[in-house]
Amino acid sequence: MGWSEVSGGYQVTLRDGDVVARNAKGRELRSVPASLRDDPTVVGLRQLTEWLGRHETQCRTDIERWMVRSLPVPVAVLTEVWPDEAWRTALTDLVVAVLDDEGRRDPDGVGLLREVGDGQVGLVDLDGDSVRRSADRVVIPHPVTLDDLDDLREFAAELQVRQSVDQLFRQTWVRGAEVDATATRYGGYAGGRYDQLRHLTARATSLGYPVRGGNAVCRIVENGVTVEARSWVGADDPYYETETGDLVFTDRHGTALPLGEVGPVAWSEGTRMAAALYAGRVVAAEQEEDR
(Lines give C-alpha, C1' and ligand atoms only; values in the text may rest on other atoms or scores of the structure.)
Protein backbone atom coordinates (compact mmCIF):
# COMPACT_ATOMS: atom_id res chain seq x y z
CA MET A 1 0.00 0.00 0.00
CA GLY A 2 1.36 3.44 -0.96
CA TRP A 3 1.88 6.49 1.21
CA SER A 4 -0.91 9.06 1.65
CA GLU A 5 -0.36 12.76 2.30
CA VAL A 6 -1.87 14.13 5.52
CA SER A 7 -1.66 17.41 7.39
CA GLY A 8 1.64 18.84 8.63
CA GLY A 9 3.62 17.39 5.74
CA TYR A 10 3.36 13.87 7.13
CA GLN A 11 2.59 10.73 5.17
CA VAL A 12 0.89 7.59 6.43
CA THR A 13 0.42 4.03 5.23
CA LEU A 14 -0.66 0.60 6.45
CA ARG A 15 1.95 -2.05 7.16
CA ASP A 16 1.22 -5.44 8.71
CA GLY A 17 -2.03 -4.14 10.12
CA ASP A 18 -0.58 -1.00 11.73
CA VAL A 19 -0.67 2.63 10.70
CA VAL A 20 2.87 3.89 10.01
CA ALA A 21 3.84 7.56 9.64
CA ARG A 22 6.85 9.38 8.23
CA ASN A 23 7.76 13.05 8.32
CA ALA A 24 8.33 15.47 5.46
CA LYS A 25 11.97 14.31 5.20
CA GLY A 26 10.86 10.72 4.67
CA ARG A 27 12.01 9.44 8.06
CA GLU A 28 9.69 6.86 9.55
CA LEU A 29 8.45 7.64 13.05
CA ARG A 30 8.13 5.22 15.96
CA SER A 31 4.46 6.14 16.37
CA VAL A 32 1.81 8.23 14.68
CA PRO A 33 1.99 11.85 16.01
CA ALA A 34 -0.84 12.81 18.36
CA SER A 35 -1.74 15.68 16.05
CA LEU A 36 -2.76 13.12 13.40
CA ARG A 37 -4.96 11.04 15.69
CA ASP A 38 -8.19 12.53 14.34
CA ASP A 39 -7.00 13.05 10.77
CA PRO A 40 -9.63 11.57 8.41
CA THR A 41 -7.03 9.54 6.51
CA VAL A 42 -5.56 8.07 9.70
CA VAL A 43 -9.02 7.32 11.06
CA GLY A 44 -9.94 5.66 7.76
CA LEU A 45 -6.81 3.50 7.81
CA ARG A 46 -7.53 2.36 11.37
CA GLN A 47 -11.12 1.53 10.46
CA LEU A 48 -9.85 -0.40 7.45
CA THR A 49 -7.49 -2.35 9.70
CA GLU A 50 -10.34 -3.24 12.04
CA TRP A 51 -12.51 -4.34 9.13
CA LEU A 52 -9.72 -6.47 7.67
CA GLY A 53 -9.24 -8.14 11.06
CA ARG A 54 -12.94 -8.97 11.28
CA HIS A 55 -12.93 -10.19 7.69
CA GLU A 56 -9.99 -12.53 8.29
CA THR A 57 -11.67 -13.92 11.40
CA GLN A 58 -14.92 -14.47 9.53
CA CYS A 59 -13.12 -16.28 6.69
CA ARG A 60 -11.53 -18.70 9.16
CA THR A 61 -14.83 -19.17 11.00
CA ASP A 62 -16.70 -19.99 7.79
CA ILE A 63 -14.03 -22.46 6.66
CA GLU A 64 -13.97 -24.16 10.06
CA ARG A 65 -17.75 -24.55 9.87
CA TRP A 66 -17.41 -26.17 6.42
CA MET A 67 -14.86 -28.56 7.91
CA VAL A 68 -16.76 -29.48 11.06
CA ARG A 69 -19.95 -30.03 9.07
CA SER A 70 -18.14 -31.76 6.16
CA LEU A 71 -20.02 -29.48 3.80
CA PRO A 72 -19.36 -29.92 0.07
CA VAL A 73 -17.91 -26.66 -1.27
CA PRO A 74 -18.44 -25.77 -4.94
CA VAL A 75 -15.13 -25.08 -6.69
CA ALA A 76 -16.89 -22.13 -8.34
CA VAL A 77 -17.24 -20.54 -4.88
CA LEU A 78 -13.56 -21.11 -4.09
CA THR A 79 -12.66 -19.58 -7.46
CA GLU A 80 -14.64 -16.45 -6.61
CA VAL A 81 -13.00 -15.92 -3.20
CA TRP A 82 -9.46 -17.05 -4.11
CA PRO A 83 -8.27 -13.58 -5.28
CA ASP A 84 -9.12 -12.23 -1.80
CA GLU A 85 -5.92 -12.47 0.25
CA ALA A 86 -7.77 -13.25 3.49
CA TRP A 87 -9.65 -16.15 1.91
CA ARG A 88 -6.58 -17.40 0.01
CA THR A 89 -4.42 -17.37 3.15
CA ALA A 90 -7.06 -19.25 5.16
CA LEU A 91 -7.59 -21.88 2.44
CA THR A 92 -3.98 -22.47 1.37
CA ASP A 93 -2.47 -25.74 2.63
CA LEU A 94 -5.72 -27.11 3.98
CA VAL A 95 -6.28 -30.76 3.11
CA VAL A 96 -9.12 -31.01 0.61
CA ALA A 97 -10.70 -33.99 -1.09
CA VAL A 98 -12.29 -33.91 -4.53
CA LEU A 99 -15.84 -35.30 -4.56
CA ASP A 100 -17.22 -37.40 -7.38
CA ASP A 101 -20.73 -37.08 -8.82
CA GLU A 102 -22.15 -39.21 -5.98
CA GLY A 103 -20.47 -37.16 -3.27
CA ARG A 104 -17.76 -39.69 -2.47
CA ARG A 105 -14.14 -38.71 -1.93
CA ASP A 106 -11.76 -39.43 -4.78
CA PRO A 107 -8.74 -41.20 -3.18
CA ASP A 108 -6.51 -39.72 -5.90
CA GLY A 109 -7.88 -36.24 -5.30
CA VAL A 110 -6.66 -35.60 -1.75
CA GLY A 111 -3.89 -33.16 -0.91
CA LEU A 112 -2.85 -29.75 0.33
CA LEU A 113 -4.69 -26.98 -1.51
CA ARG A 114 -2.40 -24.61 -3.38
CA GLU A 115 -4.43 -23.23 -6.30
CA VAL A 116 -8.00 -22.87 -7.55
CA GLY A 117 -9.31 -21.86 -10.98
CA ASP A 118 -10.82 -22.95 -14.29
CA GLY A 119 -12.80 -25.74 -12.67
CA GLN A 120 -9.67 -27.28 -11.19
CA VAL A 121 -7.88 -27.42 -7.86
CA GLY A 122 -4.10 -27.48 -7.54
CA LEU A 123 -2.90 -29.88 -4.85
CA VAL A 124 0.29 -31.20 -3.35
CA ASP A 125 -0.31 -34.92 -2.82
CA LEU A 126 1.28 -37.24 -0.28
CA ASP A 127 4.04 -38.08 -2.76
CA GLY A 128 5.02 -34.42 -2.80
CA ASP A 129 3.87 -33.98 -6.38
CA SER A 130 1.99 -30.89 -7.54
CA VAL A 131 -1.12 -32.05 -9.37
CA ARG A 132 -4.25 -30.48 -10.80
CA ARG A 133 -7.62 -32.18 -10.55
CA SER A 134 -10.83 -31.23 -12.32
CA ALA A 135 -13.58 -30.83 -9.73
CA ASP A 136 -17.06 -29.43 -9.29
CA ARG A 137 -17.02 -29.82 -5.51
CA VAL A 138 -14.50 -30.49 -2.78
CA VAL A 139 -14.74 -31.12 0.93
CA ILE A 140 -12.43 -29.93 3.69
CA PRO A 141 -12.39 -33.11 5.80
CA HIS A 142 -12.51 -33.07 9.57
CA PRO A 143 -9.21 -34.65 10.70
CA VAL A 144 -10.95 -37.47 12.57
CA THR A 145 -12.32 -38.70 9.22
CA LEU A 146 -8.90 -38.87 7.53
CA ASP A 147 -7.61 -42.47 7.41
CA ASP A 148 -4.07 -41.27 6.66
CA LEU A 149 -4.06 -38.49 9.26
CA ASP A 150 -0.70 -39.45 10.78
CA ASP A 151 0.95 -39.52 7.36
CA LEU A 152 -0.56 -36.17 6.45
CA ARG A 153 0.64 -34.64 9.72
CA GLU A 154 4.15 -35.94 9.14
CA PHE A 155 4.09 -34.73 5.55
CA ALA A 156 2.86 -31.27 6.58
CA ALA A 157 5.56 -31.04 9.26
CA GLU A 158 8.25 -31.89 6.68
CA LEU A 159 6.97 -29.13 4.42
CA GLN A 160 6.74 -26.76 7.41
CA VAL A 161 3.10 -26.15 6.56
CA ARG A 162 1.30 -23.64 8.77
CA GLN A 163 -2.47 -23.81 8.45
CA SER A 164 -4.52 -20.71 9.26
CA VAL A 165 -7.47 -22.94 10.13
CA ASP A 166 -6.88 -25.62 12.76
CA GLN A 167 -7.29 -28.82 10.75
CA LEU A 168 -4.39 -31.28 10.57
CA PHE A 169 -3.08 -30.58 14.07
CA ARG A 170 -6.51 -30.13 15.63
CA GLN A 171 -6.88 -32.36 18.69
CA THR A 172 -9.17 -35.27 17.95
CA TRP A 173 -10.87 -37.83 20.13
CA VAL A 174 -12.02 -41.30 19.10
CA ARG A 175 -14.61 -43.15 21.17
CA GLY A 176 -12.78 -46.03 22.82
CA ALA A 177 -13.98 -49.52 23.65
CA GLU A 178 -14.13 -48.55 27.33
CA VAL A 179 -17.05 -46.21 26.64
CA ASP A 180 -20.43 -47.83 27.28
CA ALA A 181 -22.22 -47.55 23.93
CA THR A 182 -25.64 -47.83 25.59
CA ALA A 183 -25.02 -45.02 28.10
CA THR A 184 -26.29 -41.50 27.42
CA ARG A 185 -23.71 -39.65 29.55
CA TYR A 186 -19.92 -39.51 29.43
CA GLY A 187 -18.08 -38.46 32.58
CA GLY A 188 -14.49 -38.51 31.37
CA TYR A 189 -14.12 -34.77 31.94
CA ALA A 190 -16.52 -34.29 34.83
CA GLY A 191 -15.42 -33.04 38.24
CA GLY A 192 -13.20 -30.15 37.17
CA ARG A 193 -13.61 -27.65 40.01
CA TYR A 194 -13.94 -23.89 39.52
CA ASP A 195 -13.99 -21.35 42.34
CA GLN A 196 -16.87 -19.52 40.71
CA LEU A 197 -19.40 -20.47 38.06
CA ARG A 198 -18.77 -17.23 36.21
CA HIS A 199 -15.17 -18.29 35.62
CA LEU A 200 -16.34 -21.48 33.90
CA THR A 201 -19.00 -19.76 31.80
CA ALA A 202 -16.47 -17.09 30.78
CA ARG A 203 -14.04 -19.80 29.68
CA ALA A 204 -16.76 -21.52 27.67
CA THR A 205 -17.81 -18.38 25.82
CA SER A 206 -14.20 -17.33 25.19
CA LEU A 207 -13.65 -20.70 23.50
CA GLY A 208 -16.69 -20.12 21.30
CA TYR A 209 -19.19 -22.30 23.16
CA PRO A 210 -22.46 -20.58 24.12
CA VAL A 211 -23.96 -21.43 27.51
CA ARG A 212 -27.65 -22.27 27.64
CA GLY A 213 -29.65 -23.83 30.46
CA GLY A 214 -26.54 -24.53 32.50
CA ASN A 215 -24.74 -26.27 29.63
CA ALA A 216 -21.91 -25.26 27.34
CA VAL A 217 -23.11 -26.19 23.88
CA CYS A 218 -21.44 -27.32 20.66
CA ARG A 219 -23.67 -27.96 17.66
CA ILE A 220 -22.43 -30.32 14.95
CA VAL A 221 -24.02 -31.31 11.65
CA GLU A 222 -22.70 -34.69 10.57
CA ASN A 223 -23.99 -36.47 7.46
CA GLY A 224 -26.87 -34.02 7.38
CA VAL A 225 -27.93 -34.82 10.97
CA THR A 226 -27.77 -32.17 13.70
CA VAL A 227 -26.30 -33.26 17.01
CA GLU A 228 -25.78 -31.01 20.01
CA ALA A 229 -23.05 -31.76 22.53
CA ARG A 230 -23.84 -30.41 25.99
CA SER A 231 -21.35 -30.16 28.83
CA TRP A 232 -22.82 -29.24 32.20
CA VAL A 233 -21.29 -26.12 33.80
CA GLY A 234 -23.92 -25.18 36.40
CA ALA A 235 -26.94 -22.94 36.80
CA ASP A 236 -26.60 -21.49 40.32
CA ASP A 237 -25.35 -18.11 41.48
CA PRO A 238 -22.44 -17.10 39.21
CA TYR A 239 -20.29 -16.49 42.30
CA TYR A 240 -20.87 -20.01 43.67
CA GLU A 241 -18.31 -22.78 43.28
CA THR A 242 -19.05 -25.30 40.54
CA GLU A 243 -17.68 -28.35 38.74
CA THR A 244 -17.74 -29.50 35.14
CA GLY A 245 -20.37 -32.17 34.62
CA ASP A 246 -21.12 -35.01 32.25
CA LEU A 247 -21.09 -34.70 28.48
CA VAL A 248 -24.38 -35.48 26.76
CA PHE A 249 -25.26 -35.64 23.07
CA THR A 250 -28.80 -34.83 21.97
CA ASP A 251 -30.73 -34.95 18.72
CA ARG A 252 -32.58 -31.98 17.26
CA HIS A 253 -35.52 -32.68 19.58
CA GLY A 254 -33.31 -32.51 22.67
CA THR A 255 -33.43 -36.27 23.32
CA ALA A 256 -30.22 -37.74 24.70
CA LEU A 257 -28.52 -40.15 22.30
CA PRO A 258 -26.84 -43.42 23.28
CA LEU A 259 -23.11 -42.79 23.00
CA GLY A 260 -22.79 -45.60 20.47
CA GLU A 261 -25.00 -43.64 18.06
CA VAL A 262 -22.84 -40.52 18.13
CA GLY A 263 -20.83 -40.03 14.94
CA PRO A 264 -17.03 -39.66 14.96
CA VAL A 265 -17.03 -35.90 14.23
CA ALA A 266 -19.70 -35.15 16.84
CA TRP A 267 -17.87 -37.28 19.41
CA SER A 268 -14.53 -35.63 18.68
CA GLU A 269 -15.87 -32.06 18.75
CA GLY A 270 -18.04 -32.63 21.82
CA THR A 271 -15.20 -34.25 23.74
CA ARG A 272 -12.88 -31.48 22.59
CA MET A 273 -15.22 -28.97 24.23
CA ALA A 274 -15.49 -30.95 27.47
CA ALA A 275 -11.71 -31.41 27.65
CA ALA A 276 -11.10 -27.69 27.08
CA LEU A 277 -13.46 -26.76 29.91
CA TYR A 278 -11.92 -29.35 32.22
CA ALA A 279 -8.44 -28.04 31.43
CA GLY A 280 -9.29 -24.70 33.07
CA ARG A 281 -10.07 -26.24 36.47
CA VAL A 282 -8.39 -25.18 39.69
CA VAL A 283 -5.50 -27.64 39.56
CA ALA A 284 -3.45 -26.17 42.42
CA ALA A 285 -6.35 -26.43 44.86
CA GLU A 286 -7.00 -30.03 43.83
CA GLN A 287 -3.38 -30.93 44.51
CA GLU A 288 -3.61 -29.42 48.00
CA GLU A 289 -6.75 -31.45 48.75
CA ASP A 290 -5.06 -34.67 47.64
CA ARG A 291 -2.19 -34.26 50.09
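1. In which helix do Arg-65 and Asp-62 lie, and how many residues apart? Both sit in helix H1, three residues apart, or about one turn of the helix. Here a helix is a DSSP run (H or I) of at least four residues, and a strand is an E run of at least two, numbered from the N terminus.

2. Before going on: this is a predicted model, where local features need pLDDT of at least 70, side-chain atom pairs count only at pLDDT 80 or more, and totals for chains, interfaces and linings use all residues. Residues are numbered from 1 along each chain as its sequence is written, and side-chain values use heavy atoms, leaving out hydrogens and water.

3. Back to our pair: Arg-65 makes a salt bridge with Asp-62, with the closest N and O atoms 3.2 Å apart. The term means a side-chain nitrogen of Lys or Arg within 4 Å of a carboxyl oxygen of Asp or Glu. By that rule you get 16 salt bridges.

4. Now helix H4: this element covers residues 149–158 and holds Glu-154.
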